[in-house]
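Hello! Please have the model open beside you as you read.

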Amino acid sequence: MSHKGRVIFLHSSSELYGASKILIYVIEIFRKLGYSTLLILPGEGPFRVEVEKRGIEVAIVNLGILRRKYFHPSGIFNRGSKFIKAYRFLNKLNKEEPIKLVYSNTLAVIVGAIFAKRNKINHIWHIHEIINSPKFLVRFLARQINGVQTRPVVVSESVANHWKGLLNVQPEVIHNGIDYEPFLNGKKDVHATTGLPNDKKIVTMIGRVNPGKGQLSFLKMAKEVIKIHPDTIFVLVGDPYPGYEYLLEEIGDFIQDNSMGKHVMDLGFRSDIPEILKCTDVFVLPSVLPDSFPTVVLEAMASALPVVATKSGGAVEMLEEGQTGFLIDMDDYTLGSERISYLLSNPESARIMGKKGRDRVLNKFSYEQFAQKMEEYICKIFPETRN
């Protein structure tokens, strides 16, 4: 057993998207500081594969993750039964080896906070979400956050401002920062390895398929842009959350109904994001619900791409309007298509914006800054870590 104690990490997804990537960095920071760690995931997936490559211990337990699809009587019963089993699993772990800290990554995981409170264990909630509805869920989550003793980590000022009026504690804003090395160095034959054409302009959107990410809004923009730039390919990357598979049918129907099959490539989940971005001319994230601090925007900026994103949360803090890209209102696909067309028509302006974006992420949202702030935050909770 580590002399500093055991930290249990709970995460809501076994997929390898933004919140998962950030959690890897957090776990490695705790390990560097001398804590033993265990990551608990709700199922199998690429996230487990990635963390086990790094020597991180993983357990698979259904954590009773909160999803909108369970907001009905039988769904609530289902979540309750899974919650009880997860709680018992945590209790068993604590008896085997006392838990020093429970770290809940995303608000969809509530069992850790309740377990920690009842057992007087330190708890950190890393909040990645801005949730406006349903109101009963917002109030319920706020009560859970207020019930644990440690001030939560939030990924942006937008998230902090959203929850401030509901919380009795002051959130700690720590902007995400990642290892940008894969996005900085060029590789040969990226078009060949990704399957993307090298004789077309490429506009890319990367994001989990769900009602908030705006894939249909992206396609509405594409429909307008290809009237002016018929040599453009619009690339969708990302797979659906379980329960949102029907959105793939809506996406497919829109493409077919508007005869866009030659102009759209839907790649699904991909692990070669750096290579896909190297093939891209313009990056778009048209979220239609609040998006707390989308890591993929950092990746696009590090790839020296101009970004068109909606004013939906953290993107407002990431981008500088007219300097590193453009901000548009949510679901304003008309202005969005105009901004994309401008960037495709003015490649030198797009190049300058991309260069400024890369400089901005390296200076303001670096991994080093993230790690330093996270270590300082951990040391507030465990002063002995400074020794």
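1. Let's start with an open sheet of six strands, ordered 10-9-8-11-12-13 and paired in parallel. Strands here are DSSP E runs of at least two residues and helices are H or I runs of at least four, numbered from the N terminus; two strands pair if DSSP finds at least two bridges between them. Strand 10 (264–266) and strand 13 (325–328) are the edges, each with a single partner strand, so one side of each has no neighbour in the sheet. From one strand to the next, the twist averages 20°.

2. A word on the basis: this is a predicted model, where local features need pLDDT of at least 70, side-chain atom pairs count only at pLDDT 80 or more, and totals for chains, interfaces and linings use all residues. Residues are numbered from 1 along each chain as its sequence is written, and side-chain values use heavy atoms, with hydrogens and water left out.

3. Within this sheet, strand 11 (residues 282–285) and strand 12 (residues 307–310) run parallel and are joined by three bridges. Leucine 285 has alanine 309 as its bridge partner in strand 12.

4. Helix 9 (residues 215–228) lies across strand 8 (201–206), strand 9 (232–237), strand 10, strand 11 and strand 13, running at about 175° to strand 9. Contact means heavy atoms within 4.5 Å; axes are lines fitted to C-alpha atoms, for helices over the stretch in contact, and angles run from 0 to 180 degrees between N-to-C directions.

5. Now for the open sheet of seven strands, which has the order 3-2-1-4-5-6-7 and parallel pairing. Its edge strands, strand 3 (58–60) and strand 7 (172–173), each pair on one side only.

6. Which residues stand opposite serine 104 of strand 4? Leucine 10 does, and so does tryptophan 125 in strand 5. The chain passes from strand 4 through helix 4 (residues 111–118) to strand 5 in a right-handed β-α-β crossover (with the strands pointing away from the viewer, the path from the first strand over the helix to the second runs clockwise).

7. Strand 4 is mostly covered, with six of its seven residues buried (under 20% relative accessible area, using a 1.4 Å probe and protein chains only).

8. Finally, the axes of helix 14 (residues 333–345) and helix 15 (residues 347–364) come within 5 Å and cross at roughly 105°. That makes helix 14 roughly perpendicular to helix 15 (65 to 115 degrees).

Technical notes: Angles under 35 degrees count as roughly parallel, over 145 as roughly antiparallel, 65 to 115 as roughly perpendicular and the rest as oblique. Buried means under 20% relative accessible area, exposed over 50%, partly exposed in between (1.4 Å probe, protein chains only).
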